[in-house]
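Let's take a walk through a protein together, one step at a time. Keep the picture open beside you and look for each residue as it comes up.

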Amino acid sequence: MKLADAKPGDILQDVSGAVWLRGVNAARCLNDPDDKHDGDCNSFGADAMAIEEAEQLGPFVRLVPETETP
């Protein structure tokens, strides 16, 4: 899926296995397996990227399924 199609708050994974949090206007990489950090350092809280810029790292897969509304 495209990152632009995700909703703010969605958690997604890109083709390299990196985990992303989709915000309103940007996305933030929470964990990048190519980064030598273990998630306790710089890989968490990396600078947010514009949706259009982060889109180049896709396609993305939503990790947490959407909840169905009754």
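A polar contact is a pair of N or O atoms within 3.5 Å; within protein, one atom must be able to donate a hydrogen and the other to accept it, and residues adjacent in sequence count only if both atoms are side-chain atoms. With that in hand, look at Arg22: its side chain reaches the backbone oxygen of Leu3 at 3.2 Å and the backbone oxygen of Ala4 at 3.4 Å.

Before going further, a word on what you are looking at. This is a predicted model, in which local features need pLDDT of at least 70 and side-chain atom pairs count only at pLDDT 80 or more, while totals for chains, interfaces and linings use all residues. Residues are numbered from 1 along each chain as its sequence is written, and side-chain values use heavy atoms, with hydrogens and water left out.

Now for the overall plan. The protein has 1 helix and 5 strands, where helices (H or I, at least four residues) and strands (E, at least two) are DSSP runs numbered from the N terminus. Read from the N terminus, the order is β-β-β-β-α-β. Of the 70 residues, 23% are buried; buried means under 20% relative accessible area, exposed over 50%, and partly exposed in between, using a 1.4 Å probe and protein chains only.

Which residues make up the largest nonpolar core? There are 10: Leu3, Ala6, Leu12, Ala18, Trp20, Ala27, Cys29, Ile51, Ala54 and Phe60. Such a core is a set of buried Ala, Val, Leu, Ile, Met, Phe, Trp, Tyr and Cys residues joined through side-chain atoms within 4.5 Å. Strand E3 (26–31) and helix H1 (51–54) are the elements that give two or more residues to this core.

Trp20 and Phe60 are both buried, and a search of the whole structure finds 1 aromatic pair. These two residues form that pair, edge-to-face, at 6.2 Å centre to centre with 85 degrees between the planes. Trp20 lies in strand E2 and Phe60 in the loop between H1 and strand E5 (61–62), so the pair ties together parts that are 40 residues apart in sequence. For the pairing rule, rings of Phe, Tyr and Trp (its six-membered ring) must have centres within 6.5 Å; planes under 30 degrees apart count as stacked, over 60 as edge-to-face and the rest as tilted.

The peptide bond from Gly58 to Pro59 is cis, with omega near 15 degrees.

Next come the charges. Side chains of opposite charge can pair when their charged atoms come close. How many salt bridges does a search of the whole structure find? It finds 1, joining the side chains of Arg62 and Asp10 (3.1 Å, N to O). Arg62 lies in strand E5 and Asp10 in the segment before strand E1 (11–13), so this pair ties together parts that are 52 residues apart in sequence. A salt bridge is a side-chain nitrogen of Lys or Arg within 4 Å of a carboxyl oxygen of Asp or Glu.

Finally, return to Arg22, which sits in strand E2 (residues 19–22). Arg22 is buried yet has no salt bridge, and its nearest side chain of opposite charge, Asp10, is 7.1 Å away.

Technical notes
Lys, Arg positive; Asp, Glu negative; His and termini not counted.
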